[in-house]
Each structure stands twice: as structure tokens, then as C-alpha cells.
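Colleague: I'm new to this one. Could you walk me through it?

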Amino acid sequence: MHPVEPFRIKMVEPIRLVEHEQRQAAMRLAGYNLFALRAEDVFIDLLTDSGTGAMSQAQWGAMLEGDESYAGARSFYHLADVMQKIFGFEHFVPTHQGRAAENILCAVLMKPGGYVPSNMHFDTTEANIRARGGRPENLVIEEAFHPTLQHPFKGNMDVSKLRLFIERIGSQNIPFGALTVTNNAGGGQPVSMENIRSVSEVYHEYGIPFFIDACRYAENAYFIKLREPGYAVKSTLEIAHEMFSLADGAFMSAKKDALVNIGGFLAMRDGDLYQKVCNELILREGFPTYGGLAGRDLDAIAVGLVEGLDEAYLAYRLSQTAYLAQKLLDANIPIIEPSGGHAIYVDAGHLLPHIPHGEFPGQALAAELYLQGGIRSVEIGSVMFAHEDPDSHEMLYPELELVRLAIPRRVYTQSHMDYVASVLGELGEKKETLRGYRITYSPPLLRHFTAHFEPL
Ligand SMILES: Cc1ncc(COP(=O)(O)O)c(C=O)c1O
């Protein structure tokens, strides 16, 4: 038996499955983009695990005590204490979410034509780098592209590819290097401590500052505890501390493993960089002791960061994901294996081989999941990542066409997971009837958020 939820429910939010005709009408109105649906028309919302978690009584209590002073608020120092214990960086600034931290980092470090390697950048990181004229480079290990291949740390970066890449591009053209833990764009797969250490050594050998995208660092730390030799006896706090001791900084969307609905931060060791970051922050987010958040938000993050590292919570969290994964495998739905931390990634390209990249198999599956069962998911495939090569103008498609079922933290129960598995199982039985989509409107960046589609 897997760990039972280590909490009980004190407050409930009603949800309902609207009629099939209403779901069809909602989709037409939304231009078949699931981001454009009204949340009330969604039954089980697995669009994202970002900012959708349930806060604890301790977090709500801390919010009531938030200090709303413009500068030097008590809430900031609560957060600073926790930041020091977990991450250990000399400086940090709060931001209103993860992409704001990315934006500020790119604003101060990025020069047009610069390259930023990572195992895999997430979409907002990638877009922030591109928006400053830079080029993101994904160097995840080859195993990541084989959905059913078993590997304990499929989020690892290929260290020899990284070295070759730096040699080819020249370290002077790499303003910073990144590593995403866990690797959201590649299936929520963890990165081992050994890999973090090797990546750190290579970056440092070439004098490249190393920043960790820390959104799901606690889930990553627990995977290290479970899977990496020598770490079973260490606490997740000790593991997290070790992870960040290898980096020069981190950017984080607190909406994930800090268990809050809004917030983020950018942390670093370098004092000169911190000065530049503060100037940029004041321009875009706010004064360095609140950075675009209310004092109460800072308190909620301070408590949430500690709760997010709790091992009873993490054991339940990872096993809920594994439970849904097993149910889907039992129903012959292809997914990325082993299951990651925060989400299940259905391999839509494999499930729907009759739909080519350019007709968006992931979009087809995600749309049908909503139409059939009121379940909202997100495409992580060609809608999100296909782009024109700036040199050859050739259309480049991602290797995997995925649909992510992201599981909000502490929100849904086992019977919700059973429902999701049964809807997907039924869909799998009539997969040949699914058709692709055509894009009818597309913005220049981050098109998946606002594109419009038409069924073919
Ligand atoms: C790995 C990763 N990095 C960055 C972000 C951006 O964070 P935010 O949505 O808070 O801007 C996300 C959000 O999903 C993410 O998963």
C-alpha cells in the first residue's frame, strides 16, 4: 500500500462535471485552447501544478501575521532565515513568480548571441533567453528521449555533450549555465547529485556561473534520497543543502515546491551581481525586501518551503504520481517511465501515430480528454516547442509529443486519480478516431498560452 495522505481536509471547494454539450461549446469558444477555458467548466484540473496547491493551516495562519511594510518587513526576514537554511546563498530577492526571476537574471547577464545550456529549459526560461537575443541549448542525456527506458535519473545533463558544447561555442559566449531540477519539460525526471556535481565542475572549470532552476528541488531531493546510493540516511534538507552548495545561484517559482499560490525568487552568491539584480528588480518587481509580493506572501513561502521538504509529504506526493502512472500503464496508455515527481506525461506521439507532428497529436489528445471527461491537461510537444531554426528557417519539432497531467499539491484524492485513469483508458480504446489540429492564430512567443486551433 502506498502512503496515505498525511493530512485531513478541513475546507472543501465544490467541483462539477458540466454536460457534454457545454464542454463542446466551451471548447469552440476557447479556440480549442485549454488555457482559454473558464476554470469552472473544468472538472479535474491537471493543467499545471504551479500555484494550484492547497496551503496548510500553518501557511494561512502565517499569512494573517504578514508584515506589509514597504521596506525591511518582518516577513522578509522570516523568508531570509529559511532561505539561508535550505539554499545557503548569500543574497536573494523575492519575485512575483519564477519567470520574473528568469527575466531579471537574463536582463543582467544575457547579451544578444549568447548561449545558455541546460539539461532542458522550461518554456518560460527558454522564452526569456530568446527575448534577450540569446539561444537556449538543451543537453539532457539521450535516455530522456526514450519514454519507456528505465533510468533513475533521466533528468541528468549529458556532461560530455556540455563540455563539447562549451568548447565549440566558447565560454565567453555563455553568460550562465543552468540545470532544471526536476526536469519539467522532459517528464519531471530527477537529476542525481553526482550529475549536479559534475555539471558544476564543468561550468566552473570554464568560469561559467551555474544557476539551478529550483522549482521542484524538494521532489528532486527526495528522489535522490530514494534512488542514489549513500543518500538514504540523509534528510531532504541535507540533500537540498548539498545540491545548492554546488551552484552559484538559483531561480525558483515558489508556486511549486514552496507550496504557495504565487511567488518566486532569484538567489546568488555574487555581491556585484546582486547589486545589478536589485536595480533591475526595483524597475520591474519592487523593492528588494518584497519584490512584487505582499508581506503575507513571503510568510506563506517561508512556511511552505519547510513543509515542502517534509518527508512524509514527499513520500505521499511521489506515490500519488506513481499510483496514477501504474493505472495508466495497466490501461495500456503509453507514458514516460518511470513516473516523475509532479506529473504524468502521456506519450501522445506514440498513442496517436496517425497524427503527424505538424497536426499536433498532443493537442488532439488534450482536447479530447476535456471533451470526454472534463479533464484539463497541457500539451508539451510541438505546440509548445516547435520553432523555426533562425539560420536555416527549417521547422524544428521536439522529439516527444507529450500531454502532461500535472498533479496539484495536496488537492486531489485517490478517487480523482481513478477517474482520470478511467477516462484516459476509454479514450485509448478509440484512439483511431482522434484527429489532428491546425493553428489559426499564433503569437510570436510562448504561443501555447494564447494560440487558437481548429480541428482537422
Ligand atoms: C521548470 C520550470 N521553470 C520555470 C517555471 C516558471 O515559473 P512561473 O510559472 O512561476 O513563472 C516553471 C513553471 O511551470 C517550471 O516548471
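**A first walk through the model**

Modeller: Of the 456 residues of the protein chain, 50% count as buried, where buried means 20 or more other C-beta atoms, placed from the backbone, within 10 Å of a residue's own. This is a predicted model, in which local features need pLDDT of at least 70, side-chain atom pairs count only at pLDDT 80 or more, and totals for chains, interfaces and linings use all residues. Residues are numbered from 1 along each chain as its sequence is written.

Colleague: How many helices and strands are there in the protein chain?

Modeller: The protein chain has 16 helices and 16 strands. They are DSSP runs, numbered from the N terminus: helices are H or I with at least four residues, strands E with at least two.

Colleague: And which domains does the assignment give?

Modeller: Domain 1 is 20–49 + 310–455, and domain 2 is 57–308. Those bounds come from an automatic or database domain assignment. Taken over C-alpha atoms, the domain centres are 25 Å apart.

Colleague: How many residues of each domain are in contact?

Modeller: 25 residues of domain 1 are in contact with 23 of domain 2, contact meaning C-beta atoms, placed from the backbone, within 7 Å. On the domain 1 side, α12 (311–330) and β9 (343–347) each supply at least two residues.

Colleague: OK, new topic. Which residues touch the most other members of the largest nonpolar core?

Modeller: A250, L266 and V346, in a core of 135 residues. A nonpolar core here is a set of buried Ala, Val, Leu, Ile, Met, Phe, Trp, Tyr and Cys residues joined through C-beta atoms within 7 Å. Both domain 1 and domain 2 give residues to this core, so it lies between them.

Colleague: What is V346 in contact with, leaving aside neighbours within four places in sequence?

Modeller: I333, P334, I335, L351, L365, L402, V403 and L405.

Colleague: What about the contacts across the whole chain?

Modeller: Among contacts between residues at least 6 apart in sequence, 71% join residues at least 24 apart.

Methods. Contact = placed C-beta atoms within 7 Å. Buried ≥ 20, exposed ≤ 12 C-beta atoms within 10 Å, placed from the backbone.
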